[in-house]
Structure formats: structure tokens, C-alpha cells
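Student: Hey, can you walk me through this one? I'm new to it and I'd like to ask as we go.
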Amino acid sequence: MKCVAALAGALAAALVGFTADAAPAGSFTLDQALGFSFITGVVSAERADRIAWTRVVRGVRNVWVADGPAFAPRQVTHSTADDGQEITWLTLTADGKHLLWVVGGDHDANWPAEGGLAPDPAGSPEQPKVAIWAASPVGGAPVKLAEGDAPAVSSADRLAFIKDGAVWTAALDGSGKAERLFFDRGKDGELAWSPDGTRLAFVSRRGDHAFVGVLTAKDKPILYLAPSTDRDGSPRWSPDGRRVAFTRQPGMGGAPRPFLTLTPDPWSIWVADAATGEGRRVWASPNTLAGSFPDIDGEANLNWAAGDRLIFLAETDNWPHLYSVPVAGGPPTLLTPGPYMVEHVSLTPDRRSLIFDANTGRTAGDADRRHVFMVGVDRPGPAAITAGEGLEWKGAMAGKGAVAFVAAGAGTPPLVELAALPAGAPNPPRRLEAAGDFPAADFVTPRPVAWTAPDGAVVHGQLFQRDGAGPAKPGVIFVHGGPPRQMLLGWHYMDY
């Protein structure tokens, strides 16, 4: 799928014999078409019937929440202008009492900030700063907590975040001043609090290598877990707080890699004692191209699941799939077998199941769609939560009996929907929002097309064509980059 995705949309073999005999356009206006909504994702509270999401309409970004069992949406922020400042890192604490988000910056890896400056597309005379904001989900004005990024809140309501490559802390109510939590000589990130909220795991990047460290207290040395010259990341605590799992990749350096030749990027999963730092390898990828470190959303998607099992995503069979391996070691279990790619993975609060979306299903053309599924952490056999001709992605538990996700169609822009559990025969989802006056009925439903290139590769694309007029019509061919940016039979999940 990833190989042909870069060519999706290349319809040269399908669009031939163009004439000026085109079907008339729809009656909607360009202004109506640009009035679509877009949902950047849904988050949920682990121990409360509460979800939150960010909604963007005409470039205006706002945060919304909804509480079960009715899950009626209500607006938390009330921005009215497109200032170009993105909202990211939307976070609900486990008890659902605190809602945080980050305003500003550029979190797309394509264009890193120049000189540490945040984007200023509106030409503001005040320098935009990346800042963490918070609000009570039940009402009250948002409060700016501190300048910083990547907030992580502990079970004891302790806030840690990143500022200038270091770890800082601030009060959740906005009182007092933010302060640096510790010094470690590295560029820090990937913060993870222990289950009891007393210790903080983090990644300390040192150029060509990286450590996973554990901070216990400001007056105690930082413990580095099985330190080496490798690049460690993605720390995940065991439920009892006694161990930390993490990924490991070889350190940078050595002989230069061939520029025009793909070379393997192997990796492994380690587990270390959180008190002594002693670690051992649990699983290692094959030293092949397909065994390389995954580069899709969430990368390894490492999670510590129930039954003392580690969940991860790998592409060892040339498809991004979920695997489960006992912490004690042993062969991994493939949880999601089949010719499809897994994306946007979340672990249920009980750690017994995984929610994910994938380009598979029972409807013709599902290879070019996304649907939401659930699978247990110890055996294969995903169950469909959604199905049909729509597209659904980024699912998250909404209380104990439902899954919230983003849904869209060929003409329907992304909106938040809710599907009841248990998974199995797909349940009719319930839409939590309205599309407004968006002219959905005037949009064309694309059809999947495929043809064989001269070298034998099968090229996939989508054909947009109105009914009526003659068989020969003028056309526009759109070829985009990739490979992960696969064209879909409906709205894409990338706001970009």
C-alpha cells in the first residue's frame, strides 16, 4: 500500500480522449465549499465519561467537550479569528477534571521552526509564543499556564512540559511561576509519569544517542535505564510502576549510508527495572527493510498491556501491524493479520484491548478508506466498530460503553461520532455535531481505479467524475507526494 500510495491520484491511464463536453458544476459557492469543519482528533478521560476535540472552521480553531451518557457538545474556547496559531497536544487528565492544550508552533515535521521562532502567518506585531493553556471542562475561562509544549499530567495532578529542550513544571491552576524541573545535559522529550504520579520518565537526546531517564526527586540523581550509545525512546511504565519499557535503535555515526540505496533501520524493545536501571532485551526486529523502525503515526506505538504483555507496531511482513509479546520474552503474536495497514492506535483504560483504524473492511473499495476496529491484546481477531462507505479514524474510548472517533465521507467533512460497544456487527454510529450549511450533496463521490504500469506495478488512484454528458470529458490529473499520504475515497484525516 505504501509503495503505490505515492502514485495515488495519477489517473493518466484512465483519463483519455478529453473534450470540452464537461458536465455542469454544482450550485454551491466557493465560500460554502471553504466553510467545512475539520476535527484534528478526539481524546478521552480514562476514568470519566468525557471526551474532547479540536474543531477548525474556516481556519478558526476551538476546543469542545462532551460528557456521557448524552455526550452533548459544548464549546470551551471561543476564538473568532483565524490567527494561524494551531491547537495541539489536547489532553484530558485521567479523572477528566483538567483539560489542557497547546497554542502555537508548527508541529508538522516538514517545516521545523527557524531559529526557534514560532510561525506568525497573521503578521502579528507581538511575537507568537508556544504556550500551554488549561480550562475546567465544566465551565470557566481558559487560563494560560506557561510558555512551553508537550504537557504531561500525573495522577497526582503534577504538570511537566518541555521548554527550550528542558523539562519544566507549573501549577495546573495557573498560579505561581513555572520552573525548570531538573538539568540533564540533553534535549528532552517524551514525558511519561509513573502510575502513582511520583516519578517522571523522559528521553534525553544527546546528538548521536539518547537515554531514557527516570527522575524520582529533585535531590536525587537521575537514573538512566540500561544506558548505551544507542537511541532509546518511547518510555512506557508497567501498571505496578516497577519497570519501564522502551524502544532502542542503533546510535548515529559510523560509515555513511548510501544515499541512493535503502538500508535497514533495525530496532528492539527493552524493559528495565525502574529502581536499579538494569535492563534486558525483550524483542528485536529482523535486520531487513521491512523490519525497520516504523515511520507512521505513533511510530512503534509501544504500550504496556494487561497480562504483562507489550504491544507494538511493526512492518515485518511489509504491512504496519500490531503485535503482542510477553514481557518475559518469547515469539510475538500478530494481532492484526491481513493485507492492510494499521494506524492511530490507542489502548483502552483496562489495558485489555486496542482501538485502531485500518484500510480494510467488507465494503468494496475499503482499501481506500479507513474504519475503526477493536482487538484484544493477547490474541488475533479484530472486530469492526464501523463499516460502510464512510471513513472513520482516531478512535478513543468514551466511558465504558462506547467509542468516539472522527467520521467523514465523500461530501461530508470530518465530524465527531459515537458508536456503542461491544464491537462485532457494526453498530450504527451517532453523530455528535452538525455539518452546518456545507453543500455535501453537491460533491462527487470518487471511484477507485487501478491499472498496470509498464514495469508491472499496479497503480491505484481515484476518479472524480460527474454523471451525464458524453463519455469523453476534460480532466485534471493530480499526482502528490508520499508514500504514506494515500488518497482516500472521501475526506482525508490530514488537516495539512
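Student: Let's start with W267. Is it buried or exposed?
Tutor: W267 is buried, as its relative accessible area is 3% and this is under the 20% cut-off. Keep in mind that this is a predicted model.
Student: Okay. How many aromatic pairs does the count come to?
Tutor: The count comes to 13 aromatic pairs. One of them is W267 with W283: the ring centres are 4.9 Å apart and the planes are at 65°, so the pair is edge-to-face.
Student: Why is that edge-to-face?
Tutor: Because the planes are at 65°, and angles over 60 degrees count as edge-to-face.
Student: Where do W267 and W283 lie?
Tutor: W267 is in the loop between β18 (243-249) and β19 (268-273), while W283 is in strand β20 (residues 279-284), so the pair ties together parts 16 residues apart in sequence. Both W267 and W283 are buried.
Student: And what about the rings of W267 and F293?
Tutor: Their centres are 5.3 Å apart and their planes are at 90°, so that pair is edge-to-face. F293 lies in the loop between β20 and β21 (303-305) and W267 in the loop between β18 and β19, so here the pair ties together parts that are 26 residues apart in sequence.
Student: Is F293 buried or exposed?
Tutor: F293 counts as buried, with 12% relative accessibility.
Student: Which residues do ring pairs link into a cluster?
Tutor: F28, F36, F438, F443 and W491 are linked that way.
Student: Now salt bridges. How many does the structure hold?
Tutor: The structure holds 15 salt bridges. Take D67 and R50, whose side chains meet in a salt bridge at 2.6 Å, N to O. This pair links distant parts of the chain, with D67 in strand β3 (residues 60-67) and R50 in strand β2 (residues 50-57), 17 residues apart.
Student: What else forms a salt bridge with D67?
Tutor: R74 does, and the closest N and O atoms of R74 and D67 are 2.9 Å apart.
Student: Got it. What about D366 and R369?
Tutor: Their side chains meet in a salt bridge too, 3.0 Å from N to O. D366 and R369 are both buried.
Student: New topic: E392. Where is it found?
Tutor: E392 is in strand β29 (residues 391-397). This residue is buried yet has no salt bridge.
Student: Which side chain of opposite charge is nearest to E392, then?
Tutor: That would be R369, 7.9 Å away.

Notes
Residues numbered from 1 in each chain as written. Predicted model: local features only at pLDDT ≥ 70, side-chain atom pairs only at ≥ 80, totals over all residues. Heavy atoms only, no water. Helix = DSSP H or I, 4+ residues; strand = E, 2+ residues; numbered from the N terminus. Buried < 20%, exposed > 50% of the residue type's maximum accessible area, 1.4 Å probe, protein only. Lys, Arg positive; Asp, Glu negative; His and termini not counted. Salt bridge = Lys/Arg side-chain N within 4 Å of Asp/Glu carboxyl O. Phe/Tyr/Trp six-rings, centres within 6.5 Å; stacked < 30°, edge-to-face > 60°.
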